[in-house]
Amino acid sequence: MSNSRKLLKGLEKKYVINSILSPIVMMGEVIMEVIIPFVMAKIIDVGIANSNLSYVVKTGLMMVGLACISLTCGVLGTRFSTYAAQGYGYNLRRRLYDKIQDFSFANLDKFSTASLVTRLTTDVNMSQNVYRLLIHMTFRSPIMLIAGTVMAFKINSRLALIFLVAIPIIACGVIFISIFAHPRFEKMMKMFDGMNATIQENLIGIRVVKAYVRGNYEENKFKKAAENVLKAQVHAEKLIIFMMPIMQFVMYGAMIAVMWFGGRQVVWGTMKTGELISFFTYVTQVLSSLMMLGMLFISLVMVKASNHRICEVLDEQSDIANPENPITTVKDGSVVFDNVSFSYSKNKENCVLTDINLNIKSGQTVGIIGGTGSSKTTLVSLIPRLYDVFSGSVKIGGKDVRNYDLKVLRDSVAMVLQKNVLFSGTIKENLLWGNENATEQEIIQACKAADADSFIQSFPKGYETDLGQGGVNVSGGQKQRLCIARALLKNPKILILDDSTSAVDTATESRIRKSLKEIAPETTKIIIAQRISSVKDADIIFVLNEGKLNGAGTHEQLLENNEIYREVFESQQQGSGDADLESDEGGRE
């Protein structure tokens with residue numbers, strides 16, 4: 001499918017109709033504009049030349065009527081094209097956003113967040129503006145060019161030969177600029193990606209920037225990114241700015257030639273004054289239309305890079321999709337890893353998980369512990385199919401996760417990730433992400449289980465407290481507890497806590513673990529932790545080391561049989577901290 005068809009796919013009927021009406025109405029404006037100079041010539045050569053006032057008035061009123069029709073058609077054409085372009089932009093943004101929502105984590109890894117933001121904003125805006133120009137001028141300019149040329153030849157064919165010199169010059173200029181402009185605009189859009197990445201990184205980490213007094217460094221970093229965009233824009237548009245002077249030079253040269261040769265013909269009596277005036281108008285119309293076609297062509301070259309970037313996202317196929325006949329019920333929360341290996345690059349030589357075999361019974365509490373880079377987070381990400389295994393299989397309720405309906409599978413698994421994400425809105429609105437139909441009682445019960453109800457009630461507005469973007473109004477530990485409460489509201493068959501109590505004290509953590517046993521006894525609980533105390537009461541603990549399963553058993557069994565587990569326990573008992581197990585917040589393991 002061509003890029004243009006991909007971009008227009010799914011455009012609503014009302015916008016399609018407006019896209020069609022715009023050029024049709026513009027044709028009416030062109031016809032009126034072509035007739036008006038012809039009528040004006042008659043006023044001069046017939047009415048004024050013969051001193052026929054009634055003819056002048058009658059024909060003049062006709063010109064006013066034609067001008068009113070032309071004005072009406074122009075206004076309607078602009079309205080239709082603007083409405084159609086806005087609909088086109090809306091449709092494109094919606095499709096891009098919907099497409100991104102279907103992406104797997106692997107797809108999202110391919111495009112940076114900053115690049116996706118640029119494609120949804122700058123690239124779509126450029127495509128939308130060119131679309132409006134396209135439907136507005138595609139028929140108007142060529143018809144004006146043809147009709148004006150025909151009328152000029154009809155008035156004076158010898159004088160109209162000037163067009164045959166002007167048109168090739170402009171055409172050659174457009175072709176030359178088009179060939180060299182496209183690569184420059186592609187580079188410019190990449191510079192936009194870089195600048196947006198700098199802005200995004202700075203805004204997200206603004207507290208760290210201020211804490212380390214790195215404002216000047218960030219300012220210089222942004223200045224450099226903005227200068228790169230400026231240089232890329234100037235480099236790309238250097239060619240474009242030559243287009244207008246070339247066109248104007250040709251246009252004014254043609255008009256001077258018409259004045260010279262046309263004036264001589266009027267003096268010799270081979271051409272009437274009114275014909276020369278109308279010929280001037282047709283020259284202006286023809287060359288202006290040619291200029292507009294040239295600028296339209298240049299705009300298409302400019303937007304080609306943006307359209308290509310948009311189509312890259314639309315063409316991207318999620319590597320995780322529903323099977324043809326998906327299973328729509330998850331029987332229980334049992335989890336089995338059967339000889340699982342995984343690679344982000346899908347290369348067997350670069351696997352981050354190798355030959356993992358786990359068997360977790362439904363309702364068990366499972367601990368996962370291991371050093372930085374042991375792929376603990378990657379392991380649990382395979383359970384709800386955020387990624388697909390490279391080899392082997394992951395089973396939930398006795399069925400391969402690849403056979404489940406994605407929504408059903410992910411509704412049955414609740415994850416509290418390393419990086420606690422809250423959204424703009426109230427505490428209650430954030431909690432309802434877990435279950436939009438949850439009752440007030442269910443919300444409070446989940447918050448009590450997560451030891452969050454007490455601090456929520458301490459706020460003046462309680463559950464209606466506005467969190468601000470990213471939950472800036474609450475501490476790290478409070479964020480974690482809100483995220484746990486949100487996960488519990490899903491009433492999942494499997495609850496995954498990925499280092500989600502690292503910011504709370506041991507007493508609070510102990511209360512949360514106790515509440516989880518009481519509120520969700522049948523839910524399988526998988527706990528990734530840095531502290532041995534967080535997992536020592538688990539039914540079974542798995543020890544990962546460099547992407548491989550190093551040991552499995554209860555706390556007592558691992559202390560006796562597993563060297564890595566014993567060393568970590570002893571170091572924590574001696575008060576040396578969790579440095580060996582500490583992982584970067586939000587980072588991939």
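This is a predicted model: local features need pLDDT of at least 70, side-chain atom pairs count only at pLDDT 80 or more; totals for chains, interfaces and linings use all residues.
## Cavities

The model contains 3 cavities of 30 Å³ or more. The largest cavity has a volume of about 60 Å³, and its lining consists of Leu497, Thr501, Glu509, Ile512, Arg513, Leu516, Ile527 and Ser534.

Helix 18, which spans residues 506-519, provides the largest share of this lining, with 4 residues. By class, the lining of the largest cavity comprises 4 nonpolar, 2 polar and 2 charged residues.

## Second largest pocket

At least two lining residues come from each of helix 1 (3-8), helix 5 (113-137) and helix 11 (273-315). Helix 11 contributes the largest share, 5 residues. The lining of this pocket divides into 8 nonpolar, 5 polar and 1 charged residues.

## Nonpolar surface patch

A nonpolar patch on the surface is formed by Val16, Ile17, Ile20, Leu21 and Ile24, which together have about 390 Å² of accessible area. Within this group, Ile20 belongs to helix 2 (residues 13-48). Ile20 is classed as partly exposed because its relative accessibility is 47%, and the class lies between the limits of 20% and 50%.

## Salt bridges

The structure has 13 salt bridges. One of them joins Arg140 to Glu29, with 3.1 Å between the closest N and O atoms. This pair connects distant parts of the chain, as Arg140 is in helix 6 (residues 140-155) and Glu29 is in helix 2, 111 residues apart. Arg140 and Glu29 are both buried. A further salt bridge is formed by the side chains of Lys110 and Glu316, at 2.9 Å from N to O. Lys110 is located in helix 4 (residues 105-110) and Glu316 in the loop between helix 11 and strand 1 (335-342), so this pair ties together parts 206 residues apart in sequence. Lys110 counts as exposed because its relative accessibility is 58%, whereas Glu316, at 12%, counts as buried.

Arg385 and Asp388 also form a salt bridge, in which the closest N and O atoms are 2.7 Å apart. Arg385 has a relative accessibility of 3% and therefore counts as buried, while Asp388, at 21%, counts as partly exposed.

Definitions and conventions: Residues are numbered from 1 along each chain as its sequence is written. Side-chain values use heavy atoms; hydrogens and water are left out. On a 1 Å grid over the protein atoms alone, a cavity is a set of points where a 1.4 Å probe fits but cannot get out, and a pocket is an open set with protein on both sides within 12 Å along at least five of seven lines; lining residues have an atom within 4 Å of a point. Grid points are joined across faces, edges and corners, and a volume is the space filled by probe spheres set on the points. Ala, Val, Leu, Ile, Met, Phe, Trp, Tyr, Cys and Pro count as nonpolar, Asp, Glu, Lys and Arg as charged, and the others, Gly among them, as polar. Patches are made of residues with over 30% relative accessible area and no salt bridge: like charges are joined within 9 Å, nonpolar side chains (Val, Leu, Ile, Met, Phe, Trp, Tyr) within 5 Å. Accessible areas come from the Shrake-Rupley method with a 1.4 Å probe; for residues, only the protein chains shown count as cover. A salt bridge is a side-chain nitrogen of Lys or Arg within 4 Å of a carboxyl oxygen of Asp or Glu. Buried means under 20% relative accessible area, exposed over 50%, partly exposed in between (1.4 Å probe, protein chains only).
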